[in-house]
Amino acid sequence: MVGHDVETPLCETFRDQMSIIEMPLSEAPLCLSCCPVKGDLLVGCTNKLVLFSLKYQIINEELSILDFERSLVIHIRNITPVEISFCVGYIAVMSDLEVLILKLESNPKNGESANHRPQKTNSPMKPAEGISNEALQLESDDFVICQKPMELLGEKSEQSGVSVTLESTGLDDEKIKYFHVQHLLYRRFAPDISSYVLSDDIKLHSLQLLPVYQTGSLTSERKYSYQEKELLSLFCFFSLPHVGYLYMVVKSVELMSVYQYPERSQQAVLTPQFLHVITSNYLQCFTVRCSAATAREEDPDMDSTVKACPPVSMDVCALRIQLFIGLKAICHFKNHIILLTKADPEVIPERSESPKRLLSRKATSVKLKTPPVAEAGWNLYIVNTISPVQLYREMVDYSNTYKTAKTQSCIHLLSEAHLLVRAALMDPSQLEPAEKAELLEAFKESCGHLGDCYSRLDTQYSHLALPYYKMSGLSMAEVLARVDWAAEDGSQKYDRGLIFYINHSLYENLDEELSEELAERVVQMFHVAEPKQLPHILCSPSMKNVNPLTALRYLRKLDTSGLSSVLVTLSKAAVALTVGDLDLHQQEMRSHSEMKLVCGFILEPRLLIQQKKGQSVPTELALHLKETQPGLLVASVLGLQKNNKIGIEEADSFFKVLCGKDEDTIPQLLVDFWEAQLVACLPDVLLQKLFFKLTSQYIWRLSKRQPPDTIPLRTSEDLINTCNHYGLIYPWVNVLISSDSLADKNYAEDLSKLQSLICGPSFDIASIVPFLEPLSEDTVAGLSVQVLCQTRLKEYEQCIDTLLERCPEAIIPYANHELKEENRTLWWKKLLPELCQRIKCGGEKYQLYLSSLKETLSVVAVELELRDFLNVLPEDGTAAFFLPYLLYCSRKKSLT
């Protein structure tokens, strides 16, 4: 080859000439491989692999050229490459009977750095595990050393005995440097000794690494450019003359498929859709499982109730065989197969060696036979592969012959067709918009066909009907329209897959209403196949159009011995309400206790609440219970919440919709529900939020003097007696309230509940203080709540001032209840001086202050010694007034 000097001026005709790049090698090359992603070249020599990185060199604004630079040398021992394959850091090396897969790591391992000297990244196994030197010396024309077959995956493959050493060239401009190597797979085959003289029958061939890129959703319109491609999975194929092997690499290394050829193969080429194999006279095409493996790597929802894909372990099959005489070589490009044939059947061997040398592990000598100058009979064929959609149609048509037989063959063939379309969609950037749309339509259609198979065939995989029908985009009505309803008598047998799909779909609250005819067929189906599910499916919004008389007739036929009788009862009551039979409804509702009825609603929440377009909508039964049995309704929704059948916000929204209130208006039934939650002792994490909701509503009603829209289910006394969070109201509060003869009795209950919450042990007082502003202190309600909060915050002196000013008659009950223990000193330090000062000023409340002073002096005389008592008395006070208390204080010691 003739190289060129980049430094020299380039003429304008350069772009019209062939550019030849010289890459010198110290050893004769045996094989080479080009990375399909980055274009890097890997050249295999006897004891090493040389990596040449593709470089883009910009000469000027109008001209840039490609060049290759040697970036890494990989020294290998104990294996001589006959074929190699390279793809984004993954290397596959194949000798006559061995395959080794390596991964070059670009991140330093354990802090190591690459140097310019050869660096060992793994050690060969001990001589005892491999071939000893003594055994090698014994090899001669009379002895053949045969090693046992071996398969080592992952870290175990480092025990193969193959030594791998990296030598970096240290190029300054190299963007990616490989620092260490990871072993992924080592596979060794044993020759058949009985036929070892036929050397070509025991050689591996057609080594190939096939990359698969991240594609995104099958329905995505996004176009993936070359730079956006992200390696998702990698597959490695190699073959013996009669058996081919396909492995999956990257996240895990495992054998996916084994291909058995009907006759000796010469070469094979792997594509994402097919495996093409040539023998001497035939071109064979096999299915592959690359798309099935990729789908599971790409989508975490695969193999669930949402999405499904045929298993990777499904047997592969041959699609077609075409006759070609004298096939010699094959390669693949897009949808083209290129074949090289020679009419003369005489074989020109590419490698010649003795059988003994083939069976040993010594280096193979490669001998090339020089062909004649002019040899007749050679032909080149370019075969266009059939379009995936056309082949898919043919496979679907052929599968129809198996429909009546109800065998696994129909599923297998349709699964192959499904995977064919999946594979075609794996790289959407290579598809035209019309072609992609056609493939997507075929994909949905294939999902529908598979759903039909699994719904009608009684297999252990019948549940797969659900995800395949979902992926098909078919509505429930369209699926039911595909069912053969020929036999309409009661003895008709319905398969598990169809029952599972319909049951699951009705549970998912789809925004689809079945017609009356289809709904009746569904009821009939479940009556025959799954009678215990009949009450549940009748509650689905999709069954809204079912004839209520038909539903009632089937419900009456149910044998409740094996079912929950309360659930059947509630279903009958709901249907009776629909037809307007209130007597039957009341009869059914009275047949069980309220506790059992709550349990029935927990078993089937859709008796009360249904989802329509993402909104919680109350049922007709819920609306009726709101008017007739609101307590049962609140208890049932509370049971749903405690059993995680409904969320907190969803329950709040339900009551607002039920009562016809907007988002900002709180109905009394919702307040009843909040109070029931407190009584039920919810977890602490929800407690403060619930306190806030209740106190906000109580305060709003008190400030607006707004009465509840319905009669509350619980009084404040009921809540105090049944709920620990509602505390006993302090005695002085009752004195404070009774002092105002103008107190509004309409909101007395809300005031008592708010006061009781503040007096409770769990309430966070500081959180509610900012929201007390709407409550005016000019009202008794506002005053009592304000003083209660200040008391809970231990602001006693401020409370004393407030009560002396607003309600003196409550000061002594307040002091007796609050000024105890460490706060007892406030009797003489705060209360006594304040009363004396206010008495001096006189006024309308003089008598109240005077009586309060006498009570205060009685307490202080008991608590203090005579000297201390004298010190707290006012200096300008009347001695005759204080004398009785002084005499009592002086005598109490002798009395005790």
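Student: How many helices and strands does the protein chain have?

Tutor: The protein chain has 31 helices and 24 strands. Both are DSSP runs numbered from the N terminus: helices are H or I with at least four residues, strands E with at least two. This is a predicted model, in which local features need pLDDT of at least 70 and side-chain atom pairs count only at pLDDT 80 or more, while totals for chains, interfaces and linings use all residues. Residues are numbered from 1 along each chain as its sequence is written, and side-chain values use heavy atoms, leaving out hydrogens and water.

Student: Why is the pair of Phe324 and Tyr381 called edge-to-face?

Tutor: A search of the whole structure finds 18 aromatic pairs. Rings of Phe, Tyr and Trp (its six-membered ring) pair if their centres lie within 6.5 Å; planes under 30 degrees apart are stacked, over 60 edge-to-face, and the rest tilted. Phe324 and Tyr381 have ring centres 5.4 Å apart and planes at 70°, so the pair is edge-to-face.

Student: What parts does this pair tie together?

Tutor: Phe324 lies in the loop between β19 (318-323) and β20 (327-333), and Tyr381 in strand β22 (residues 378-384), so the pair ties together parts that are 57 residues apart in sequence.

Student: Why is the pair of Tyr730 and Trp732 called tilted?

Tutor: Their ring centres are 6.2 Å apart and their planes stand at 40°, so this pair is tilted.

Student: Is Phe324 buried or exposed?

Tutor: Buried means under 20% relative accessible area, exposed over 50%, and partly exposed in between (1.4 Å probe, protein chains only). Phe324 has 12% relative accessibility, so Phe324 counts as buried. Tyr381, at 36%, counts as partly exposed. Trp732 is buried at 0%, and Tyr730 is buried at 15%.

Student: How do you know that Arg606 sits over the ring of Tyr507?

Tutor: The rule asks for NZ of Lys or CZ of Arg within 6 Å of the ring centre and within 35 degrees of the ring normal. The charged end of Arg606 sits over the ring of Tyr507, 4.6 Å from its centre. Arg187 lies over the face of Tyr245, at 4.7 Å from the ring centre. Tyr245 also belongs to an aromatic cluster with Phe189, Phe238 and Tyr247.

Student: Where is Tyr282, and is Tyr282 buried or partly exposed?

Tutor: Tyr282 is in strand β18 (residues 282-287). Its relative accessible area is 32%, so Tyr282 is partly exposed.
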